[in-house]
Amino acid sequence: MTKTERNKTINKLVYIYAESLGYEVDMSEINVTFIPESGNMDDCIEYRRSTHTVAAYNWACAKTLNDEKLIEDYIDYITSFTDDAIELYMRAVVFTTQK
């Protein structure tokens, strides 16, 4: 797995995880925006694809700030995988999310 393939796989896993938390994934800009179901832009979470980091406004609601921490922890978890492990994990996630 090349570095580019690894980064793309990590990004896909983060998108799937954000969607499972109830966010819509908006990839219209350089950074990806996770928009909550409420549509309140103050409660969005920004995701940087190149560095695999997230940020939310300090004044965002408690749920958003909690979700930001959950996504950060998830990123730390999946980026610790070896290339083979991340590829297997991706297959498992895709398999379990298909209906």
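**View 1. Strand 2 meets strand 3.** Strand 2 (residues 32-36) pairs with strand 3 in the antiparallel sense, over three bridges. Strands are DSSP runs of E, at least two residues, numbered from the N terminus; two of them pair if DSSP finds at least two bridges between them. Phe 34 stands opposite Ile 45 in strand 3. This is a predicted model, where local features need pLDDT of at least 70, side-chain atom pairs count only at pLDDT 80 or more, and totals for chains, interfaces and linings use all residues. Residues are numbered from 1 along each chain as its sequence is written, and side-chain values use heavy atoms, with hydrogens and water left out.

**View 2. The two faces of strand 3.** In a regular strand the side chains alternate between the two faces of the sheet. In strand 3 (residues 45-48), Ile 45 and Tyr 47 point to one face and are buried (under 20% relative accessible area, 1.4 Å probe, protein chains only).

**View 3. Strand 3 beside strand 4.** Four bridges join strand 3 to strand 4 (residues 53-56), and the two run antiparallel. Ala 56 stands opposite Ile 45. Ala 55 is the bridge partner of Glu 46. Val 54 and Ala 56 point to one face and are buried.

Notes
Buried means under 20% relative accessible area, exposed over 50%, partly exposed in between (1.4 Å probe, protein chains only).
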